[in-house]
Amino acid sequence: MTAPHELPARSRLVHDSLRAVGISGEIVVLPDAAHTAPLAAAALGIEVGAIANSLVFWSDGEPLLVMTSGAHRVDTAALAERLGRERMQRATPEQVRDATGQAIGGVAPTGHPSALLTIIDEDLAGFDEIWAAGGTPHTVFPLTFDELVRLTGGTIAKVD
């Protein structure tokens, strides 16, 4: 286990955000980067659906974080309609970094410069434990669905 002070700076922010809301899951440093849900699932020995992908979209002039099961693709048109938004498109790498302070492939559900409007895939509730990125492509951490909702203040929705 990596001590919090030995984590990358972005992951220390995530660690502190987790502790601030009473989530005890430890950030794990993977030997290889896990930029995708299948890579993260393989590294952890779990099914891909238990990976909580942090995807940043640009919608109606603001960032929108969608926490989706690694087994799903976000249907942006359907989700935008459900949310009453004009449009929704994948954020650029620059928009992701500006909104989260983190790079694509390592975006955590927390530890951002300011809170992001967050949508949480309802299908993640089907797993006793889910894993999310810890602020870098090399870091991940476990939590429950209820902890993810509490951590992000997110809205639960169908995303695919």
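The structure is a predicted model, so local features were taken at pLDDT of at least 70 and side-chain atom pairs at pLDDT 80 or more, while totals for chains, interfaces and linings use all residues. Residues are numbered from 1 along each chain as its sequence is written, and side-chain values use heavy atoms, with hydrogens and water left out.

The protein chain holds five helices and eight strands, both being DSSP runs numbered from the N terminus (helices: H or I, at least four residues; strands: E, at least two). Read from the N terminus, the order is α-β-α-β-β-α-β-α-β-β-β-α-β. The radius of gyration is 14 Å, close to the 15 Å that the globule rule gives for 160 residues, so the protein chain is as compact as a globular protein of that length. Here the radius is taken over C-alpha atoms, and the rule is 2.2 Å times the number of residues to the power 0.38. Along the principal axes, the C-alpha atoms fill a box of roughly 45 × 30 × 30 Å.

Of the contacts (heavy atoms within 4.5 Å) between residues at least 6 apart in sequence, 62% join residues at least 24 apart.

On to charge pairing: the count comes to three salt bridges, each needing a side-chain nitrogen of Lys or Arg within 4 Å of a carboxyl oxygen of Asp or Glu. Glutamate 62 and arginine 85 pair up at 2.6 Å, N to O. This pair ties together distant parts of the chain, 23 residues apart: glutamate 62 sits in strand β3 (residues 62–69), and arginine 85 in the loop between α3 (76–83) and β4 (89–90). Arginine 85 is buried, at 16% relative accessible area, whereas glutamate 62 is partly exposed at 32%.

Arginine 19 and glutamate 26 meet in another salt bridge, at 3.0 Å, N to O. Arginine 19 is partly exposed at 30% relative accessibility, and glutamate 26 is partly exposed, also with 30%. Lysine 158 bridges to aspartate 160, with the closest N and O atoms 3.2 Å apart. Lysine 158 is partly exposed at 39%, as is aspartate 160 at 30%.

How values were computed:
Buried means under 20% relative accessible area, exposed over 50%, partly exposed in between (1.4 Å probe, protein chains only).
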